[in-house]
Structure formats: structure tokens, C-alpha cells
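Welcome! Take a moment to look over the sequence and the model before reading on.

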Amino acid sequence: MFIYITRALPDVAAEMLARALPGARIELNPHDRNLNRAELIEAASGCDALLCTLADPLDATLIEDLGPQLKVIATCAVGYNNIDLQAAKNRGIAVCNTPGVLTDATAEVAVGLMLACARRFVEGDSLTRQGLFSGWAPLLHRGHGVYGKTVGIVGAGRIGKRVAATMKHGFGCRILYHSREDHVDWENELDAEKVELGELLARSDFVSLHCPLTPDTHHLLDADMLKLMKPTAVLVNTARGPVVDEQALVQALRERRIAAAGLDVYEGEPALAPGLSELPNVILLPHIGSATIETRDEMARMCARAAIAVLTGQEPPHRVA
Ligand code: GLV
């Protein structure tokens, strides 16, 4: 049995695999970078299980090139837009993800970005380090407050709900949400109001994206949609980069048509749209939504559990295909 791990995970994954599948060949990408397509095929073809990340573009051709032995793809992520589920299904390959365990960690980053953008933490840090803080002053480095503001959540899944609850209960914010379905629990527990996307953008002081990337959500926030936002508003994206037209966002931030953006994900990740990193009113994080020690350990365990289940003839947990 051959198991390939495309990027170093917390050790617990390989330990669990070795314990549960004695004699299995477990190999790991030895580099501190993602493999390209040719390298991945060379290293992993013939594997029975692939433990991968959201940075591996597992399209139909690549899945086929990995060979007929492949029975399970366990991705160390909740989002699986990088995997062609239909191609996996057609070949009888189970695809499993890691939902639930990263809800709190990702919500922390979204809320942190809202506060940091509104109160301009990163600009303030830079000003202070540069020795430009010459003493308290009434007009120095003012931002926008957070308490009691309106927060618009796009996508009503677990992470969106945790962010909404934190902003409601922690900051007394009014919650708007945009989703295809009605969510009575949001309305009952958070007094949230379901609105169309345009209305959400026009009314919100903070817009936080929590929808999956699908053909329907690609460039959901394009140049026209960004124009609907308030000039004082903050946009936070901890979901997937291509949900926003990043070049249009650069333009909106440059012209101060919105106040700021906090980004953890990028359209051409890891590349940034031209001009983005030169803007003072954007905070740029390196896709760390789920990056806590506890969460990444649990994600590694979930990937190992999924592979072990399939390879021992059990139904795996958290199967998305
Ligand atoms: C992170 O972006 C994930 O999908 O888990």
C-alpha cells in the first residue's frame, strides 16, 4: 500500500497511518514548497491514498495521471474547489475534507482583520516603528469604530455564523447575511436579516466573505458590486481569493471608494494583483485562517482517518465525493 502526502503535515498524520496500516509505504514531499504537476505525478503515481492540500490543483487529468490504484483523496482543508469531484467520483475515488475543526480559527482571523482594518493596526505599527509617533494627539491615526456597526456576511455556513455570532454578541453589531437559503437559526439566534447581495454591500460597515468558491461565486464581488459599498466600509476575505475581482479591489482601495480590506486569500495565490502590496489600506495575511497548532493537528488527524477508513474498507467521515 502506498500513501503520498503532498506537503508536510503535523507528524500525527504519518504516525496514525503507520500505526493503522503496518507495512504501508508512506512518502512525503521532501521540499518546503508545493510540487508542480510533473513532480506530483512522478512522486505520487501509483498511490492508493493521497493526502493533499488546497494548493494542489487536482483536475481530471492529474487525477487520471495518478493512476488506477488511487482510492482516496484526503484534503487538509474545508474548501475543495481545487479538486474535480466529478472526475474523482467517476473513478470511484472518495474525496474527504476537514470541516468543523477550523471554524473557530478562521473566524478569529476574520474578526481580527475587521478590527485591525477598522482601527488601522498595521499602519499604526509601521508608523510607530518608523519613529513617527511623536506623542498622543487628538487627530492622530483615527480609524472607524466597530461596536454597534452593521456586519454583512456573505455565505451562511459554519464560519460565517461564528463570525456573525462574535460580532453580534461581542460588539453589538447588527447582522445582515446573503445566502441562497433562508437560515431561520440565524434569524432567531442572531436577529440576522437576509438580504440580496447588493443591499448587503450598500448597508454594511463590514463585509466578510464566507462562501465557497464555485462557478457562481467567482468574481461575486466585481467592480460593479464593489461600487455599492460605503466609502467607510471594510471588506474581509478569508474564503477564497477568486470570489473577489482582485484588480478591481486594488482600484477601489486606491481611490478610497472603500476604506480598507483585510485579505487572507488571493485570486492568483500566492501571487498578488499588481499594486495590492503597495496600498496602505490593506492588510495582507498568508492564508492562515486555520493555522493554529491545535487546528492543524486536528486537520492532519482527520486526513489520516479518512485515508485509513477507505483503505480498510470503511466508509470515511466527511466525504464530499
Ligand atoms: C482553507 O482555506 C480551507 O479551505 O481549509
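Predicted model: local features only at pLDDT ≥ 70, side-chain atom pairs only at ≥ 80, totals over all residues.

**Two helix pairs**

Two packed helices are described by the angle between their axes and the distance between those axes. Helix α1 (residues 12-20) packs against helix α12 (residues 293-311) at about 25°, and their axes are 8 Å apart. Angles under 35 degrees count as roughly parallel, so α1 and α12 are roughly parallel to each other. The crossing of α1 past α12 is right-handed. On the α1 side, the contact is formed by Val12, Ala13, Met16, Leu17 and Ala20, while α12 brings Asp297, Ala300, Arg301, Ala304, Arg305, Ala307 and Ile308. Sorted by class, this contact of α1 with α12 holds nine nonpolar and three charged residues, with no polar ones.

The other pair is α5 (103-118) and helix α7 (residues 158-171), whose axes come within 9 Å and cross at roughly 50°. These two helices, α5 and α7, are therefore oblique to each other. Their crossing is right-handed. From α5, the residues Thr103, Asp104, Thr106, Ala107, Ala110, Val111, Met114 and Leu115 meet Arg158, Ile159, Arg162, Val163, Thr166, Met167 and Phe171 of α7. In the contact of α5 with α7 there are nine nonpolar, three polar and three charged residues.

**Backbone details**

What caps the N-terminal end of helix α2 (residues 37-44)? Asparagine 36 does, with a side-chain oxygen 3.1 Å from the backbone nitrogen of alanine 38. Just after α2 comes glycine 46, which has a positive phi of about 90°.

Most residues other than glycine have a negative phi, and most peptide bonds are trans. Arginine 120, although not a glycine, has a positive phi of about 60°. You can find arginine 120 in the loop between α5 and α6 (121-129). A cis peptide bond links glutamate 269 to proline 270, with omega at about 5°. Proline 270 sits in the loop between β11 (260-263) and β12 (282-284).

Key:
Residues numbered from 1 in each chain as written. Heavy atoms only, no water. Axes fitted to C-alpha atoms, helices over the stretch in contact; angles between N-to-C directions. Helix = DSSP H or I, 4+ residues; strand = E, 2+ residues; numbered from the N terminus. Parallel < 35°, antiparallel > 145°, perpendicular 65-115°, else oblique. Left-handed = near helix turned anticlockwise from the far one by under 90°. Contact = heavy atoms within 4.5 Å. Nonpolar A, V, L, I, M, F, W, Y, C, P; charged D, E, K, R; others polar. Polar contact = N/O pair within 3.5 Å; in protein donor to acceptor, adjacent residues only side chain to side chain.
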